[in-house]
Amino acid sequence: MKTGNTAAHAGEKTLEDIPDEDLESFVSELRGSAILPDDEEYDGARRVWNGMIDRYPAIVARCDGVADVVTAVRFVRDHGLLVAIRGGGHNVAGHATCDGGLVIDLSPMNWIDVDPEGRTARVGGGATWGSVDHETQAFGLATPGGVVSTTGVAGLTLGGGYGYLRRKHGLTCDNLQSVDVVTADGRYLTASETEREDLFWAVRGGGGNFGVVTAFEYRLHPVGPEVATVETWHSTDDAATIVRGWRDFVTTAPDEVSAEMVLWSVPDVPDFPEELRRRPVAIVAAVHCGDLAEGERVLEPLRSLGDPLFDFSGPTPYVELQQDFDPFFPAEELRYYAKSLFLDGLDDAAIDAIVARAESRPHYRVLLDIWQMGGAVARVPEDEMAYSGRQEPFLLAIDATWEEPADDDRLLEWSRSFWAEMQEYSSGGLYLNFPGFGEEKEALLERTHGREKYERLADVKTAYDPENLFRLNQNVKPRA
Ligand SMILES: Cc1cc2nc3c(=O)[nH]c(=O)nc-3n(C[C@H](O)[C@H](O)[C@H](O)COP(=O)(O)OP(=O)(O)OC[C@H]3O[C@@H](n4cnc5c(N)ncnc54)[C@H](O)[C@@H]3O)c2cc1C
């Protein structure tokens, strides 16, 4: 039963250290399943979305309910095992898995309960955005979520949550009403505005540091079923002019509009004419989430910008829009690195720097994305919750994707040097859900949150996880 590559980190226990009877009793207590290295399913179970991540946990515990999560947390504590928490498995650094430890895999907890009257939804800790949109849109409702439907609700919410509704309805974490959490000592707690306010403050932007969130409760808003969109794909012959036109439009756009400017290449897939595939493009993208006719009118100047190669604009079912990018970010088969940086503004010099880098992208799959922020995101006071960066007007995301391990160094080096070069246009913070591999560790958190907020996060961490059981994340260190 206990074979396979289960090498742990120095000082941590391995599967071999656990008495057989303890392991057997743990396995039999689960309503879900425990997948061990000898099991046929093991290779699939250990993998996460980023194909670069190749780790070998000792046990993948597929938890099917709160009782399983409590059992798993107690088991890792009692046996000194390293633990990773897996929501949707999309974290680019691979924090949802580990070598040698136990993965609390919440994927069986992909349930959603919608209360259409009260306009709320309770969502299981292993749900993905596709399921949430499917269930809530059945009632013409939505909560702001991510733009790729396979992404986990959990990691995205705990880090903030950017989507097409952000400037009207805020970040995902702004719409959170409560969470249920299993903490490091195996307790099952609820946190909300009125209950354990410190924990509720911390989970909204502080990541998976404070326990295993088994359920999220969200506010819902009327959205769709169709929303107005602009998606025009331009040649990059004069990319800087297109980006400036996009910037000038978004600067005065109403809150219903959330927009992105994407510098990418035409995907190499049969949907596009062969002669245009892999050709660099500047994609003007925006969604208006209010009245459809009003949205079409408001977005018209953006749609009319330049003379695009393709124009995919027009009314789009919200559920469909939320899946538009899915095919380009498949799980497991590609290698990914995604790092971001808040921009103080988007003056012509910043645009020129981004466009120049877009021209030298080391792979046609590399995507640069400028997210327009502001609106409802900026109206929440900075200290209301852990999420930081509310006044930042734009975020630059560097999304590198490639196929071959031999290209790892080249792609990583290019992404990191671009990120370093763009620091002159930034106060230094970033979106912690696009953190690269978190190479800068605590420094990254301090730069984003500032010292005072980081100290407050450390207080909450010390209160709920004093021994740092949950450390495979953007780790906030408890006080000694
Ligand atoms: C293809 C793709 C598209 C994306 N699009 C967007 C987007 O549109 N908007 C956006 O804001 N972000 C987006 N992201 C980034 C995304 O928010 C992060 O990658 C996020 O971490 C994913 O959450 P997950 O649950 O899938 O990840 P996981 O890898 O499972 O988890 C991420 C982190 O959260 C912890 N965690 C997971 N579940 C729980 C839980 N239940 N309780 C406590 N801790 C937990 C994990 O331990 C890990 O540290 C995207 C990422 C990818 C790969």
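Me: What does Phe312 count as, and at what relative accessibility?
Reply: Phe312 counts as partly exposed, because its relative accessibility is 39%. The scale calls a residue buried under 20% relative accessible area, exposed over 50%, and partly exposed in between (1.4 Å probe, protein chains only). Keep in mind that this is a predicted model, where local features need pLDDT of at least 70 and side-chain atom pairs count only at pLDDT 80 or more, while totals for chains, interfaces and linings use all residues. Residues are numbered from 1 along each chain as its sequence is written, and side-chain values use heavy atoms, leaving out hydrogens and water.

Me: And Phe310, buried or exposed?
Reply: Phe310 counts as buried, since its relative accessibility is 14%.

Me: Which cluster do ring pairs link Phe310 and Phe312 into?
Reply: Ring pairs join Phe310 and Phe312 with Trp233, Trp264, Phe272, Phe325 and Phe328 in one cluster. Rings of Phe, Tyr and Trp (its six-membered ring) pair if their centres lie within 6.5 Å; planes under 30 degrees apart are stacked, over 60 edge-to-face, and the rest tilted.

Me: How many aromatic pairs does the count come to by this rule?
Reply: The count is 23 aromatic pairs. One of them is a stacked pair of Trp49 and Tyr336, with 3.7 Å centre to centre and 20 degrees between the planes. That pair links distant parts of the chain, 287 residues apart: Trp49 sits in the loop between helix H2 (42-46) and strand E2 (59-62), and Tyr336 in strand E17 (residues 335-343). Helices (H or I, at least four residues) and strands (E, at least two) are DSSP runs, numbered from the N terminus. Trp49 and Tyr336 are both buried. Phe310 and Phe312 also form a stacked pair, at 5.7 Å centre to centre with 15 degrees between the planes.

Me: Nice. Switching to the ligand: which of the residues around the ligand come nearest?
Reply: Gly87, Gly89, Val147, Tyr162 and Tyr431 come nearest, out of 34 residues around the ligand. To be near, a residue needs a heavy atom within 4 Å of the molecule.

Me: What about polar backbone atoms, say of Gly89?
Reply: A polar backbone atom of Gly89 is 2.7 Å from an oxygen atom of the ligand. Val147 has a polar backbone atom 2.8 Å from a ligand oxygen, and for Gly152 a backbone N or O atom lies 2.9 Å from one. The cut-off for such a polar contact is a pair of N or O atoms within 3.5 Å.

Me: How much of the ligand's accessible area does the protein cover?
Reply: The protein covers 95% of the 940 Å² of accessible area that the ligand has on its own. Those areas come from the Shrake-Rupley method with a 1.4 Å probe. The elements giving two or more residues to the shell are strand E3 (83-86), helix H5 (153-159) and strand E10 (212-219). H5 gives the most, with four residues.

Me: And how do the residues of that shell divide?
Reply: There are 17 nonpolar, 16 polar and one charged. Here Ala, Val, Leu, Ile, Met, Phe, Trp, Tyr, Cys and Pro are nonpolar, Asp, Glu, Lys and Arg charged, and the others, Gly among them, polar. Domain 1 (15-105) and domain 2 (112-222 + 459-464) each supply at least three residues of the shell; the domain bounds come from an automatic or database assignment.

Me: Where are Glu332 and Lys441 found?
Reply: Glu332 is in the loop between helix H10 (318-321) and E17, and it counts as partly exposed because its relative accessibility is 38%. Lys441 is in the loop between helix H13 (408-421) and helix H14 (442-464), and it is exposed, with a relative accessible area of 61%.

Me: Last one: how far is Glu332 from Gly44?
Reply: Their C-alpha atoms are separated by 9.5 Å, though Gly44 and Glu332 are 288 residues apart along the chain. Gly44 lies in helix H2 and is partly exposed, at 46% relative accessibility.

Definitions and conventions: Polar contact = N/O pair within 3.5 Å; in protein donor to acceptor, adjacent residues only side chain to side chain.
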